[in-house]
Amino acid sequence: MYQEWLNRFGIRLLLPHATSQNDEVMAAIHAVKAGTRDARTTALLARAAQRLTEQGAQAVIAGRTEIPLGLSAEAVKVPLIDPALVLAQALIRRAGAEGRIEQVG
């Protein structure tokens, strides 16, 4: 999904190599799903992000909802983009522009 959209804007998407995806990213995602959010989980995701920055990535997209739960922006040397947060901010801006912001609760 991200690759197709980013290509439209001339942004090249780098993906983790298969080993990094399986051994680091997916291991961390499974840990977060199991309720584990510890230094090891962060280290796995930070290592995967570092591998991407070594390939030239200028930002990291936390493309699974579990990733921002296990990886803080401080653990990455480039901007960490949380798509859920970006979407929420866009929805708030759109609702505000249309005069329809309602308080929930």
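## Terms and basis of the model

A residue is called buried when its relative accessible area is under 20%, exposed when that area is over 50%, and partly exposed in between, as computed with a 1.4 Å probe on protein chains only. The model is predicted, and local features need pLDDT of at least 70, side-chain atom pairs count only at pLDDT 80 or more, and totals for chains, interfaces and linings use all residues. Residues are numbered from 1 along each chain as its sequence is written, and side-chain values use heavy atoms, with hydrogens and water left out.

## Salt bridges

A salt bridge here is a side-chain nitrogen of Lys or Arg within 4 Å of a carboxyl oxygen of Asp or Glu, and a search of the whole structure finds five of them. One joins Glu4 to Arg8, with 3.1 Å from N to O; both residues lie in helix 1, four residues apart, or about one turn of the helix, and both are exposed. Helices (H or I, at least four residues) and strands (E, at least two) are DSSP runs numbered from the N terminus.

Other salt bridges link separate elements. In the one between Arg51 and Glu24, the closest N and O atoms are 2.8 Å apart, and because Arg51 belongs to helix 3 and Glu24 to helix 2, the pair ties together parts that are 27 residues apart in sequence. Arg51 is partly exposed at 38% relative accessible area, whereas Glu24 is buried at 5%.

Lys33 and Glu66 also meet through their side chains, at 3.8 Å from N to O; Lys33 lies in helix 2 and Glu66 in the loop between strand 1 and helix 4 (67–70), so this pair ties together parts that are 33 residues apart in sequence. Lys33 counts as exposed, with 54% relative accessibility, while Glu66 is buried at 10%. Salt bridges with shared partners join Glu24, Arg47 and Arg51 into one network.

## The largest pocket

A pocket is an open set of points on a 1 Å grid over the protein atoms alone, with protein on both sides within 12 Å along at least five of seven lines, and its lining residues have an atom within 4 Å of a point. The largest pocket holds about 990 Å³ of space, and of its 34 lining residues the closest to the centre are Tyr2, Leu6, Leu13, Val60 and Ile61. A volume is the space filled by probe spheres set on the points, which are joined across faces, edges and corners.

At least two lining residues come from each of helix 1 (2–8), helix 2 (18–33), helix 3 (39–54), strand 1 (60–61) and helix 5 (83–97).

How values were computed
On a 1 Å grid over the protein atoms alone, a cavity is a set of points where a 1.4 Å probe fits but cannot get out, and a pocket is an open set with protein on both sides within 12 Å along at least five of seven lines; lining residues have an atom within 4 Å of a point.
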